[in-house]
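Student: Could you take a close look at one part of this model with me? I'd like to hear about a single helix and the aromatic pairs.

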Amino acid sequence: MIDTNSILLGLFLISYVLMIAALIKGYNPSLVLLGTGILWAVLGGMNLEQILNELISGQFEAQAVSFMTIIFGAWFAQVMIKTGIVKTIIRTAVELGGDNPKVLIAIIMIVVSVMFTSLYSIGPVIAVGVIVLPVMISLGIPSRISIVAYGLSVAVAQLLNVSQYVVMRGLLSYIGEIPETMTSPWTPYAFIAFGIGVVVSIAGVLVMYSLSVRKKPVKRARKVKSWAVKKTDSEEITFVPWYVCVATIIPVVLMMVFKVNIFASFIIGILYAICTAKITYRKLRIFPLFSKTFKAGAGESAGMIMYMACAYTVATGASSIRPVLQETLGGILPQTTLGLTIFMIVLVPLFMYRGPLALAGAGAAVYATIFAVGSVPVTYLWLLCFAGNSVYSGVDPTNSTNVWTCSYAKVKPFEFIKTALPVSWVYAVCILGFLYYMHG
């Protein structure tokens, strides 16, 4: 005889499949996640009042810190753009790369990875992308490889991105043991994994480039200097000294080394960037730049905040149905650190289209169930989710970075996947395998 839990599990699995299908079809991810979160909350026994006050409205109260972190990260990124720091760093990287495509790929990927340890949101992704992508493509690097190189660099950077840490912590808010700031055991692993990730992703992209050239020689287009791209404002700052560019890493160093509050770290970095840029550009007006960049950062964060609020709704909905999942699926999912690590490594394609391994998607239910079973240490589960999110960012064609790069370079999602999946799979093996070596 079919019991209540079996019926609830069946409805859950059906909604699970429908959610993934809707995301693959290209429906608005925020609305899809919101609807799924509400449905899972209903299956978990929430009434209308709880859905309105706890599931929906409660997210904006409970995750206020995460939302403000997104705004501050975008604000900091706008300052890096407006003060000329981004263009200076990219221009220097291109000059070092010269006319050698492989050297250029490696240098650009290193520079982008370091910059995005502090930069956050889709705004800086676009601002940096419109500089580096035309340069790579103009040297004969195929578009699909150029966008994968860029997207993977942004993904690797998330291992050390302080904004991403706070946002991910919000997705797992039901795990009380997660520290508020990047501390041990996360910090040592994050630095080493970042180094491994940079090396592995560069090697993977270079292999894909070599294979593409061997199959079909690419005709080189006219070279375009990065500092010649999109220069329409006569007052735009295009070069700053090295000591101004140091601002890029200030928030990461202050938060991870000196344990400074994330908001204070961003403000110090912003003030340092603007004040030191003033030394080079006397006409730069400090207070207008301070306010205008905040306004621009807050505006571009609106879509990200809406999406994250809906992702948090899915996480909360998955948590409410956790008892049912624990009783029905608890025995199927891996129950050891090694088993869970292998499970994620083998099933890397399930990160795509916000699938069963993507925490900000269908994976919310999987991780909630694993946590409910309690066989995997909470610390290890948290580290695995954070590292896995970096893999997801590099391979999922619905991730905002990859959506923009595919659109900008006119690359179809399937072409993107053919290039990104092999590299991301090797990347996953390396950083998740190393996580097990350190903490498993």
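Here is the part I mean, followed by the reply. What covers the buried residues of α17?

Tutor: First, the ground rules: this is a predicted model, where local features need pLDDT of at least 70, side-chain atom pairs count only at pLDDT 80 or more, and totals for chains, interfaces and linings use all residues. Residues are numbered from 1 along each chain as its sequence is written, and side-chain values use heavy atoms, with hydrogens and water left out.

Now α17, residues 363-373; helices are DSSP runs of H or I, at least four residues, numbered from the N terminus. Nine of its eleven residues are buried (under 20% relative accessible area, 1.4 Å probe, protein chains only), among them Tyr367, Ile370 and Phe371. Their cover includes α1 (4-25), α2 (29-43), α14 (286-320), α15 (322-329), α16 (337-346) and α18 (378-395), with contact meaning heavy atoms within 4.5 Å. Just after α17, Gly374 takes a positive phi of about 80°.

On to the aromatic pairs: the structure holds 17 of them, counted when ring centres of Phe, Tyr or Trp (its six-membered ring) lie within 6.5 Å, with planes under 30 degrees apart stacked, over 60 edge-to-face and the rest tilted. Tyr16 and Trp40 are stacked, at 6.2 Å centre to centre and 20° between the planes. Tyr16 sits in α1 and Trp40 in α2, so this pair ties together parts 24 residues apart in sequence. Tyr16 is buried at 9% relative accessible area, and Trp40 is buried at 0%. Tyr165 and Phe386 have ring centres 5.9 Å apart and planes at 40°, so that pair is tilted. It links α9 (residues 162-171) to α18, with Tyr165 and Phe386 221 residues apart.

Key:
Buried means under 20% relative accessible area, exposed over 50%, partly exposed in between (1.4 Å probe, protein chains only). Helices (H or I, at least four residues) and strands (E, at least two) are DSSP runs, numbered from the N terminus.
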